[in-house]
Amino acid sequence: MNEPRIVIVGAGPAGVRAAEVLAAVGLRPVLVDENQRAGGQIYRQPPAGFVRSAKQLYGFESAKADALHHTFSQLLSHIDYRPETLVWNCDGRQLDLLDRGQQRSLPYSHLMLCTGAIDRVLPFPGWLLPGVYTLGAAQVALKAQGCVIGSRIVMVGSGPLLYLLAYQYAKAGASIAAVLDTSSFSGKLQATADLLKQPLTLAKGLYFLAWLRCHGVKVVEGVDKIAVSGEQKVKTISWHKNGREQTLECDAVASGFGLRSETQLADLAGCVFEFNQLNQQWLPQRDLAGRSSVKGVYLAGDGGGIAGADAAELAGKRAALALLEDLGKTIDPREGRRLDRALQRIQGFRRGLERAFPAPVAWARECADEEIICRCEEITAGELRRVVNHAGTVEMNRLKALTRVGMGRCQGRVCSAAAAEILACSAGKSLTEIGRLRGQPPIKPFPVVVGVALSSARETS
Amino acid sequence: MSERLTADVAIIGGGLMGCSAALALRRMNLSVVLLEQGWCGAQASGVNYGGVRRQGRPVVQLPLSQRAYAIWQRLPQLIGSDCEYAISGHLKLARNEAELASLEDYRGQADGFGLQLEILGREALRQRYPWLGENIAGGSLCPGDGHANPRLVAAAFALAARNHGADLREGTTVESAVFDGRQFTVCAAGGLEVKAKFLLNCAGAWGAKFAEQFGEQVPEYPIFPNMWVTEPMPKLVEPNVGIVGGGFYVRQVARGNFVLGGGRGTGQLAIASTRPDSAAMFASMRMACEFIPALRNALVIRSWTGVEGALPDHQPVLGPSVTTPGLFHAFGFSGGGFQLAPAVGEVLADLVAHGATATPIEAFSIGRFNAAS
Ligand SMILES: Cc1cc2nc3c(=O)[nH]c(=O)nc-3n(C[C@H](O)[C@H](O)[C@H](O)COP(=O)(O)OP(=O)(O)OC[C@H]3O[C@@H](n4cnc5c(N)ncnc54)[C@H](O)[C@@H]3O)c2cc1C
Ligand SMILES: Cc1cc2nc3c(=O)[nH]c(=O)nc-3n(C[C@H](O)[C@H](O)[C@H](O)COP(=O)(O)OP(=O)(O)OC[C@H]3O[C@@H](n4cnc5c(N)ncnc54)[C@H](O)[C@@H]3O)c2cc1C
């Protein structure tokens, strides 16, 4: 049998742990990541030369961060690591890479997708004003550059990242004017049983909340009708609580409504997708171990369904074991079962989180017609609704064809969640019925000049 | 579930051919049932480059193309939208004297069809279009040609046909069609059966399959033109641009994006099975930048392809069946059917209603293949 060519995409917790398992048996996987340094989202490292301690950067998670970074540095000589390399296409058994400004193709026999997640974005009035960030972007600024996004900051949305980020910002010395949570206290109570499946994690969450309250940060739960206003940049934010409007001055807003898996490469690899009720997203099918519907393609970590960093490490290992098994290597079955059990416990906790921090249900109904949903192509909610009503559109790709929503630079990564909600709501269909946006390469913009250089080089050689 | 329908005309395929035929037939008050396996206008008709061009077509297509040209001017009245149709001119470039001579030759052949072609030499070209690159010997401009948004056109024809009373069935795959000497019975998956006096085969790349059911062999094969589009750029290029030999083509849309094509992707004759090809994209990038250097600074945001039926002589099959009365074919447009489609629909309606059409279509007869074999 030929040497397997194993490619892992993503050097976050999932990808690094997968690489570790493979390298341990003497395989030499290629590990590709768009970032300059390994660690993924949660254990993102600042550029070399920045000095902030792991404790400052990762708080409670600093031991885990240190462990992962340490594992990675030990791995370096046993794997083929390609940082600053975007995988922009997957076709047949080959990836297209944009490798530090050059086009390369990389054939594989086995592909492990550990591509992580991005924020779920739901537009609100003023969301396009300078000074409005996603929670994720605000965190990247802090972790990678030691910057905060403003001097009077409001964090708004839903999900555990909301409190975590507020805590991290406050700890770093930023001034948090308020934390506005669109989910309610009663919803969180109902979710307690599931949340108790991970008592430590729950305790951390409660700790952030208590810490924020204790340090005088205004925390409001159960808010709706968020609106940001200002002339050239953010000046105030307003919201409703129990039907009463309130306003606060601020100069920056970070918002997010949970996370969405980055699934474009799985799509291009031909994986079968199914609608996942827990994540409220179409996700590539996978078995417990992480095998997708396509032979030789595996999924691990948040890219296959949001489960958090600890689960990502476990899932990376689990999928690597599955890959070894598929290569005909003998693996210790107890290890697989142990990982499966641990992953299942986390899954129960995840159910609790989704219940505690649901995306705002009335959002699609209440979103105003003039709100821009697709900022790349400047498509408003009203235009989407008009097409649904006028042309009877009931399917996502048809909506895209007729309006350009999801056709811009982001290719739907940012806008598709909101567009799907609007379509489903206006057409009176479920998110399952309206289907999912088909992906096309490049998954992120690709410079023409790179293609020209490659084509010219081929000509002369 | 089983359902039976009767109509004057049954149409297989809801691309631009089928939908424009449905509309034209409804305007003649004939009843129409159209069966589409996916969504109307989601195949070749919805994903093509969007060139609305007469220049460069084989001369035998020009009468049909001119008829279409007249309909394109009336789109808002006909289907309620201009579908971003822009009369921008179509500029065909020549890299050397031989290619320029071929453009002059074509102008001679097309004389009398109303294309108003204007040949431009190197200097005139560079003066009029300062964004052009260096190595161009000349070009030919067809001022009345242009481009439109393909994603909108077939959908708008479908909607207009529906609003005129055509019964369009999407998600309905035709499995068989037979003629009993009097009428056609068309059976679709899910148990739908349509009886009709006339049958139109507008199944695009799948057209030969249905011709075969009526004993007509056509050497149709699928092609997958490779397309890509840039992010929006400042307005620069007005005309729809191509070159002699057809290695690449480019247009800039109102929003500023450049839409480009060249080379071939890959795929199968299955819905949603097509893939663009990176190497083809790189090659056409290089060509495009040679002719429009400003494109070097662009970012590509998307690439794609679609499936189109082609025939060895690059002419469509359009006209009556030679085996079966009441059956009319319109498929295999070989990469050039977008501009023609509105006229094809009218021609098919003429054939159904009057048994003849004033537009010359003999060159597209399905009999040309039977005779050869
Ligand atoms: C912005 C943001 C902030 C988060 N912060 C926290 C937090 O503070 N605490 C927490 O518990 N959880 C956080 N999460 C959740 C977090 O995603 C997971 O907990 C954890 O990082 C998941 O690990 P992973 O290995 O699955 O993916 P990630 O850690 O996200 O790693 C994925 C990696 O894949 C790379 N990648 C993706 N696509 C490509 C491509 N096409 N080509 C090349 N490389 C690619 C990315 O550059 C990234 O390095 C955050 C998520 C987001 C989106
Ligand atoms: C990428 C690309 C670029 C192009 N660029 C241009 C251009 O710039 N200018 C130009 O003039 N032309 C262009 N063309 C060609 C043009 O798009 C086609 O000639 C034209 O759209 C053909 O229309 P149609 O209705 O025959 O085919 P289609 O639009 O493919 O319609 C055929 C329909 O039949 C349906 N069908 C098939 N089998 C069945 C069945 N069993 N049951 C039910 N339904 C069935 C299909 O689903 C399909 O919707 C391009 C084509 C492609 C693919």
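Helices (H or I, at least four residues) and strands (E, at least two) are DSSP runs, numbered from the N terminus. With that in hand, let's start with residues 372–424 of chain A, where the chain is 53% helix and 9% strand, with end C-alpha atoms 17 Å apart. An unreviewed UniProt entry annotates this stretch as "domain: BFD-like [2Fe-2S]-binding"; UniProt positions follow the numbering used here, feature names are shortened, and annotations may be inferred rather than shown by experiment.

Before going on, please note that this is a predicted model, in which local features need pLDDT of at least 70 and side-chain atom pairs count only at pLDDT 80 or more, while totals for chains, interfaces and linings use all residues. Residues are numbered from 1 along each chain as its sequence is written, chains are lettered from A and ligands numbered from 1 in the order in which they are written, and side-chain values use heavy atoms, leaving out hydrogens and water.

Now turn to chain B. UniProt, again in an unreviewed entry, places "domain: FAD dependent oxidoreductase" at residues 8–351. Over those residues chain B is 30% helix and 27% strand, and the end C-alpha atoms are 13 Å apart.

How do the two chains meet? Counting contact as heavy atoms within 4.5 Å, 35 residues of chain B touch 39 residues of chain A. Together the chains bury about 3,200 Å², 54% of it on carbon and sulfur atoms; buried area is the accessible area (1.4 Å probe) that two parts lose on being put together, summed over both. B:Arg151, B:Phe282 and B:Arg286 supply 21% of the area that chain B buries against chain A, more than any other three residues.

Charges meet here too. The interface has 5 salt bridges, each a side-chain nitrogen of Lys or Arg within 4 Å of a carboxyl oxygen of Asp or Glu. One example joins the side chains of A:Glu377 and B:Arg255 (2.7 Å, N to O). On chain B's side, helix H7 (150–163), helix H9 (278–291) and strand S17 (299–305) each supply at least two residues, and H9(B) gives the largest share, 8 residues.

Finally, follow a sheet across the chains. Two strands pair if DSSP finds at least two bridges between them. Strand S23 (residues 446–447) of chain A runs antiparallel to S17(B), joined by 2 bridges, and A:Phe446 stands opposite B:Val300. The whole open sheet has 9 strands with mixed pairing, in the order S23(A)-S17(B)-S13(B)-S16(B)-S15(B)-S14(B)-S4(B)-S6(B)-S5(B). S23 of chain A and strand S5 (118–121) of chain B stand at the edges, each with a single partner strand, so one side of each has no neighbour in the sheet.
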